Amino acid sequence: MLLKVNEIFLSIQGEGISAGYPTIFVRLTGCNLRCSYCDTTHAYNEGSDMAVEKVLEEIESLGYKRVCITGGEPLLQEKGLLKLLEGLSDYEVSIETNGSVDLSAFPLRENHRFTMDIKTPSSEESEQNRLENLKLLRDQDELKAVIGSRKDYLWALGVIDAHYIKGNITFSPIFGMIEPEEIINWILEDKRDIRFQIQIHKFIWNPDRRGV
Ligand SMILES: C[S@@+](CC[C@H](N)C(=O)[O-])C[C@H]1O[C@@H](n2cnc3c(N)ncnc32)[C@H](O)[C@@H]1O
Ligand SMILES: Nc1nc2[nH]cc(C(=O)O)c2c(=O)[nH]1
Ligand code: SF4
Ligand SMILES: [Mg+2]
């Protein structure tokens, strides 16, 4: 079984509920969306085919038990991804997904979880959101909205309120598009229990640098 892989690297998790922990990243090639702000356009086409066994060997050689599978859109390589997840049964795994692919095809074990992005209006891809996915999220999964404006913020709150989402919710700024403090002020004014998070790797390394 082959996976088209853009890059595999060891860094610290820069996003979401495991931010700061050493994490092995597996970035799969290919995406069905073209978000206006996408910082990973190099994963749209660049990559090479790798046997799942080889990916697992590389992960093992990096010596940590936390893996983040991202892309591109990792759920597009369904069969290879399911095989990879089988081999990672004793790892803590987070899978970053754009929310446009049916999550029901991916029954995850307890120690594997989704970080599902709901695409805000600024992405110019919000019509691709598959809102039926929201009811499939479990307590350990994470719902994420990337915010570039007041409109995005209100839109994301609207989705959350309409679907009674109670689990992990993270709002993050579109890098460079909005002052982080603005979003924080809105969350606090509205007394919302929403985690605010910035992409910490972009403050540690050059924001355009790959492999970190
Ligand atoms: C590169 S995407 C890959 C996974 C999947 N395609 C998705 O969109 O969730 C990983 C995360 O980075 C976020 N992201 C991409 N570009 C960004 C930017 N310029 N500022 C903030 N977050 C960004 C996406 O919204 C997504 O949550
Ligand atoms: N350090 C670091 N953390 C990340 N978390 C999610 C990432 C992604 O590109 O999906 C990412 C990334 O590219 N780098
Ligand atoms: S879905 Fe993810 S990888 Fe695809 S364009 Fe949007 S941010 Fe980039
Ligand atoms: Mg990234």
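Visitor: How many bridges join β2 to strand β4, and do they run parallel or antiparallel?
Guide: In this predicted model, 4 bridges join β2 to strand β4, residues 66-70, and the two strands run parallel.

Visitor: Which residue in β4 is the bridge partner of I24?
Guide: The bridge partner of I24 is V67.

Visitor: And what about strand β1 and β2, parallel or antiparallel?
Guide: Strand β1, residues 2-12, runs antiparallel to β2, and 7 bridges join them. Within this pairing, F9 stands opposite F25 in β2.

Visitor: Let us turn to the nonpolar core. Which residues of the largest one touch the most other members?
Guide: They are I59, V67, I69 and F171, in a core of 45 residues. Helix α3, residues 150-163, supplies the largest share of this core, with 5 residues. In soluble globular proteins, nonpolar side chains tend to be buried together.

Visitor: What is I59 in contact with, leaving aside its neighbours within four places in sequence?
Guide: I59 is in contact with I24, V26, V67, L84, L88 and Y91.

Visitor: A new topic: which residues does the UniProt annotation "binding site" cover?
Guide: According to the unreviewed UniProt entry, the annotation covers Y37, C38, D39 and G72. These residues are spread over 36 residues of sequence, yet they cluster in space, with a largest C-alpha distance of 13.2 Å. The lining of the largest pocket includes Y37, C38, D39 and G72.

Visitor: Where is the place of Y37?
Guide: Y37 lies in the loop between β2 and β3, the latter being residues 48-51. C38 also has its place in the loop between β2 and β3.

Visitor: And what does Y37 contact beyond its neighbours within four places in sequence?
Guide: Y37 is in contact with D117, K119, S122, S123, V146 and I174.

Visitor: Is C38 buried or partly exposed?
Guide: C38 is partly exposed, since its relative accessible area is 25%. C35, by contrast, counts as buried at 11% relative accessibility.

Visitor: How many disulfides does the count come to?
Guide: The count comes to 0 disulfides, taking a pair of cysteine sulfur atoms within 2.5 Å as the cut-off.

Notes
Residues are numbered from 1 along each chain as its sequence is written. Chains are lettered from A and ligands numbered from 1 in the order in which they are written. This is a predicted model: local features need pLDDT of at least 70, side-chain atom pairs count only at pLDDT 80 or more; totals for chains, interfaces and linings use all residues. Side-chain values use heavy atoms; hydrogens and water are left out. Two strands pair if DSSP finds at least two bridges between them. Buried means under 20% relative accessible area, exposed over 50%, partly exposed in between (1.4 Å probe, protein chains only). UniProt positions are given in the numbering used here, feature names are shortened, and annotations may be inferred rather than shown by experiment. On a 1 Å grid over the protein atoms alone, a cavity is a set of points where a 1.4 Å probe fits but cannot get out, and a pocket is an open set with protein on both sides within 12 Å along at least five of seven lines; lining residues have an atom within 4 Å of a point. Contact means heavy atoms within 4.5 Å. A nonpolar core is a set of buried Ala, Val, Leu, Ile, Met, Phe, Trp, Tyr and Cys residues joined through side-chain atoms within 4.5 Å.
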